[in-house]
Amino acid sequence: MRRTLAPRVLAAIAATATGAAVCMAVTTPQASAAVGSATGFASSNGGTTGGAGGQTVRATTGTQIHAALCNRASSSTPIIIQVEGTINHGNTTKVSGSSCNTAADVIELKQISNVTILGVGNGATFDQIGIHIREARNIIIQNVTVRNVKKSGSPTSNGGDAIGMEANVRNVWVDHVTLEASGGESQGFDGLFDMKNNTQYVTLSYSILRNSGRGGLIGSSESDLSNGYVAFHHNLYENIDSRAPLLRGGIAHIFNSHFSRINESGINSRAGARAKVENNYFQNAKDVLGTFYTDQAGYWQVSGNIFDNVTWSSRGGDTNPAGPNPTSNTSVSVPYSYRLDPANCVPDIVRQTAGANKGIRTSNGSCTPTSPTSGPTTPAPGPTTPTPGPTTPTPGPSQPSGTNLSIGAGSDGSSKASGTSYGDVRDGNMSTAWSPSGATGQISIKWDTATRVSRVNIREASGAVGNVRSWRLLNHDTGAVLASGSTAGVITFPATSLRKITFDITGSSGTPRIAEFETYAG
């Protein structure tokens with residue numbers, strides 16, 4: 001594969017540093033959560049809410065971030081970590097606990113869920129320290145800077161990725177961040193925003209990626225095609241040599257972004273990838289869209305883009321640029337509504353809104369920046385309304401009929417409260433119940449072979465009815481969200497064959513007590 005040396009990247013870099021104070025404080029639940037809500041694929045598959053509804057913790061070191069994760073009741077207990085100051089190798093150590101799996105010299109979000117990392121105050125800078133998301137879901141990272149992460153030389157972190165995701169990652173929203181390097185691979189840097197090994201339902205929005213040989217990728221090789229459903233919008237790619245981004249398989253939606261000084265190649269769709277590319281502004285750049293460095297073609301649907309001083313290579317061999325007059329060679333539908341700014345205002349609206357420490361402002365769809373509203377909100381439908389995607393099934397009022405498949409099955413879950421048992425949810429006895437060790441947790445029913453299920457009945461114990469306030473029903477085999485809602489009861493969803501189904505309690509008004517987790521084929 002072609003190696004990027006990034007001579008023009010090096011010529012454009014100026015490094016800055018910020019100081020850090022040392023403090024850690026706990027504030028009230030639900031205070032200062034992530035601002036706004038995700039647009040794009042992170043809003044699909046049940047949505048991305050991060051740590052909404054959980055405790056808020058302040059951290060000024062990497063060790064304190066890890067401690068906040070490890071001090072939760074379980075690995076899925078929602079938490080909002082407010083970060084201020086500089087996170088670096090000197091203040092990031094491994095912390096151990098039953099609800100975390102951390103490591104020194106990297107911010108490790110591994111085998112966990114329901115977490116928000118939010119830069120506050122004078123700003124949060126991760127200096128030469130990468131953020132690694134692995135076997136995790138429902139993660140929000142907002143209003144932070146990650147800079148100069150290296151894979152070779154000294155010091156190294158996160159394989160050289162500023163933010164890297166891999167191994168069965170679902171629902172990540174990265175918003176209003178600044179990701180920057182100081183050169184290319186020969187200087188020790190790798191990608192700014194990489195997704196590998198079955199990473200899906202991701203949105204990168206209102207962010208800056210600059211001064212790097214490699215912007216980022218979806219898929220680590222031509223055989224890593226399990227990634228996709230990624231949206232990129234209102235981002236600035238500036239002084240990037242290539243991979244802005246590189247797409248291997250899967251679907252990407254790239255809109256309202258400003259690409260400036262793309263030195264070798266930009267959106268590189270290959271190995272069957274399909275990209276919806278609309279209302280972007282490409283400026284002073286080369287080969288901003290096409291299939292490059294491979295003979296395995298990718299595809300694109302284009303509309304509304306502006307190409308300002310863009311040069312194109314001649315087609316031949318492993319070089320297949322979309323220009324000089326890009327036309328669509330596929331069609332891509334997306335399962336969410338979104339607002340499109342006209343391409344001619346994209347440089348200005350991105351300049352005013354993208355990146356950390358910009359006030360987390362967004363566009364109103366008419367080229368005007370708007371101030372944020374705290375807390376998750378429901379995006380207003382924009383002028384473009386694509387084909388509706390999966391919807392959350394409404395719990396049915398009637399009790400299911402047929403055989404309760406949970407009887408005789410197995411069960412497990414997250415940490416349980418004293419005196420309760422996982423088996424209490426599958427014994428047919430309403431007088432016994434399982435409770436998580438905290439306000440949230442997971443309980444699963446499992447079988448030795450794939451079992452077809454289309455209806456679940458979550459029966460809360462007497463005296464605890466209504467305590468479950470928010471939940472997700474998961475296909476544990478794949479991580480897919482089958483349904484989500486705010487009250488327990490009968491839940492219907494498209495018939496699915498699986499070996500393990502999980503009821504994930506993400507919010508409660510009192511101690512949850514699940515007497516029966518019934519499963520039915522129809």
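In this predicted model, a disulfide joins C70 to C100, with 1.9 Å from sulfur to sulfur. The link brings together distant parts of the chain, since C70 belongs to helix α2 (residues 62-70) while C100 sits in the loop between β3 (79-87) and β4 (107-110), 30 residues apart. The torsion about the S-S bond of C70 and C100 is about 95°, so this disulfide is right-handed. Both C70 and C100 are buried.

The count comes to two disulfides, and the other pair is formed by C345 and C367, whose sulfur atoms are 2.0 Å apart. Here too distant parts of the chain are linked: C345 lies in the loop between β26 (319-321) and α3 (346-353), and C367 lies in the loop between β27 (362-363) and β28 (369-370), 22 residues apart. The link of C345 and C367 is left-handed, with -80° about the S-S bond. C345 is buried, because its relative accessible area of 12% falls under the 20% limit, whereas C367, with a relative accessible area of 22%, is partly exposed. When the bonded cysteines are counted along the protein chain, the disulfides follow the pattern 1-2, 3-4.

Charged side chains provide a further set of contacts. Side chains of opposite charge can pair when their charged atoms come close, and the structure holds 17 salt bridges. The table gives some of them.

| Salt bridge | N to O distance |
|---|---|
| R270 and E222 | 3.3 Å |
| R459 and E518 | 3.0 Å |
| D504 and R472 | 3.2 Å |

In the salt bridge of R270 with E222, the partners come from distant parts of the chain, R270 from strand β20 (residues 267-270) and E222 from the loop between β14 (208-218) and β15 (228-233), 48 residues apart. R270 counts as buried, at 3% relative accessibility.

The salt bridge between R459 and E518 likewise links distant parts of the chain, with R459 in strand β30 (residues 441-460) and E518 in strand β34 (residues 514-520), 59 residues apart. R459 is partly exposed, with a relative accessible area of 30%, but E518 counts as buried at 7% relative accessibility.

For the salt bridge of D504 and R472, D504 lies in strand β33 (residues 490-508) and R472 in strand β31 (residues 468-475), so the pair ties together parts that are 32 residues apart in sequence. D504 and R472 are both buried. Elsewhere, salt bridges that share partners join K151, E185, D190 and R214 into one network.

Notes:
Residues are numbered from 1 along each chain as its sequence is written. This is a predicted model: local features need pLDDT of at least 70, side-chain atom pairs count only at pLDDT 80 or more; totals for chains, interfaces and linings use all residues. Side-chain values use heavy atoms; hydrogens and water are left out. A disulfide is a pair of cysteine sulfur atoms within 2.5 Å. Helices (H or I, at least four residues) and strands (E, at least two) are DSSP runs, numbered from the N terminus. Buried means under 20% relative accessible area, exposed over 50%, partly exposed in between (1.4 Å probe, protein chains only). A salt bridge is a side-chain nitrogen of Lys or Arg within 4 Å of a carboxyl oxygen of Asp or Glu.
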